[in-house]
Amino acid sequence: MTVAIGSRTIGGGRPTYVVAEIGLNHNGDVDLAKRLIDVAADAGADAVKFQKRTPELATPAHMRDMPRETPWGTMSYLDYRRRVEFGRDQYIEIADHAVLRGLEWFASPWDEPSVAFLEDLGVAAHKVASASLTDHALLSALHDTGKPVILSTGMSTMEQIDAAVEVLGTERLVLLHATSTYPMEPDEANLRMIPALRDRFPGVPVGYSGHERGLQVSLAAVALGAVAVERHITLDRTMWGSDHAASLEPAGLQHLVRDIRIIEQALGDGVKRVYPGELAPMAKLRRVAA
């Protein structure tokens, strides 16, 4: 089964769909968001992804009054969430920039009003963050949009994933194996979950959302059959913010896309053949003809 997002198709032997997650790494700055969109486009990514919250709804009650040290001074966690959230005009500006750079754009809505917000802007798809996998009211609202849904499966049991898939249905669904540690160590990657999810949900495209340092784990995911790869991006991993340390800098994203395309070529089709480049060595080295 394949899932179409805009002009791109995920699964069915198509090229790996690369999502550059900007998330909150724009730190509430539209110009920084545009620079990150440029980084994604220059590297050859297919899409950029943001996060959309209604802070008063999406911020857990026990976190709202917690003090947070920010570049704008000490403020409550709720005020910090308000500070980095883009409004309609800002989203229109960054969406236009993404389209001009040839990228699809979408976001992870963290609450039902945010689904309506994104629908009003005409997103091509929706992404479910791992933290939202058990929010069935949110999943139901996303199902009702009729848009493709990409579901990350970090911090979740298989039973919770089953329940989420039951709500979303499988017709327009892409699953992403994920481990929600920031940054993630290799011994928590559990990449064999990619074929396990593929076996459990036949026909549903399965990809990988990574929070590790470096490229090796994401590239191994492609070799194991991941049809989409999502990675956070940043201009500089030392920037302020919770996701920057587990993000790829511009050169890292360029290398990721380059190496994914090389792996796609190298995987081949599983049909054994003698390649033209082998004929000369065969004539020189094989003593007994077939």
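A polar contact here is a pair of N or O atoms within 3.5 Å; within protein, one must be able to donate a hydrogen and the other to accept it, and residues adjacent in sequence count only if both atoms are side-chain atoms. By that rule, the side chains of Arg231 and Ser218 make a polar contact at 3.0 Å. This is a predicted model, in which local features need pLDDT of at least 70 and side-chain atom pairs count only at pLDDT 80 or more, while totals for chains, interfaces and linings use all residues. Residues are numbered from 1 along each chain as its sequence is written, and side-chain values use heavy atoms, with hydrogens and water left out.

**The annotated region**

- An unreviewed UniProt entry carries the annotation "domain: PseI/NeuA/B-like" for residues 36–272; UniProt positions follow the numbering used here, feature names are shortened, and annotations may be inferred rather than shown by experiment.
- Over residues 36–272 the chain is 41% helix and 18% strand, with the end C-alpha atoms 42 Å apart. Helices (H or I, at least four residues) and strands (E, at least two) are DSSP runs, numbered from the N terminus.

**Around Ser218 and Arg231**

- Ser218 sits in helix H9 (residues 216–223), and Arg231 belongs to strand E12 (residues 228–232).
- Is Ser218 buried or exposed? Ser218 is buried, because its relative accessible area is 0%; buried means under 20% relative accessible area, exposed over 50%, and partly exposed in between (1.4 Å probe, protein chains only).
- Arg231 is buried too, at 1% relative accessibility.
- The side chain of Ser218 also makes a polar contact with the side chain of Glu212, at 2.7 Å.
- Not counting residues up to four places away in sequence, Ser218 touches Tyr208, Glu212, Val229, Arg231 and Leu256; contact means heavy atoms within 4.5 Å.
- With neighbours within four places set aside, the contacts of Arg231 include Val19, Glu21, Glu212, Ser218 and Leu256.

**Helix H4**

- Helix H4 (residues 88–100) has 13 residues, which at 1.5 Å a residue should span 18 Å, and its end C-alpha atoms are 18 Å apart, so the two agree. The expected span is 1.5 Å times one less than the number of residues.
- Which residues of H4 are buried? They are Tyr91, Ile94, Ala95, His97 and Ala98.
- These residues cover an arc of only 160 degrees around the axis, so they are on the same side of H4; the arc is that of the directions from the helix axis to the C-beta atoms.
- An α-helix has 3.6 residues a turn, so residues three or four places apart point the same way.
- On the other side of H4, Asp89, Val99 and Leu100 are exposed.
- The cover over the buried residues of H4 includes helix H1 (30–43), strand E4 (47–52), strand E7 (104–109) and helix H5 (112–120).
- After H4 comes Gly102, with a positive phi near 80 degrees.

**Helix H5**

- In H5, the buried residues are Ser114, Val115, Phe117 and Leu118.
- Viewed down the axis of H5, these fall within an arc of 160 degrees, so they line one face of the helix.
- Ala116 and Asp120 are exposed on the other side of H5.
- Among the elements covering the buried residues of H5 are H4, strand E8 (126–128) and helix H6 (136–145).

**Nonpolar cores**

- The largest nonpolar core has 51 residues, and those with the most contacts inside it are Val48, Phe50, Tyr91, Trp105, Phe106 and Leu253. A nonpolar core is a set of buried Ala, Val, Leu, Ile, Met, Phe, Trp, Tyr and Cys residues joined through side-chain atoms within 4.5 Å.
- H1 gives the most to this core, with 9 residues.
- Apart from this core lies another, of 27 residues, among them Val115, Val128, Val149 and Ile194.
- Leaving aside neighbours within four places in sequence, Tyr91 is in contact with residues including Phe50, Phe86, Trp105 and Phe117.

**Backbone details in the loops**

- Where is Pro183 found? Pro183 is in the loop between strand E10 (173–178) and helix H8 (193–200), and the peptide bond from Tyr182 to Pro183 is cis, with omega near -10 degrees.
- Asn190 is in the loop between E10 and H8 and has a positive phi of about 50 degrees although it is not a glycine.
- Met155, in the loop between strand E9 (149–152) and helix H7 (158–168), has a positive phi near 50 degrees and counts as exposed at 56% relative accessibility.
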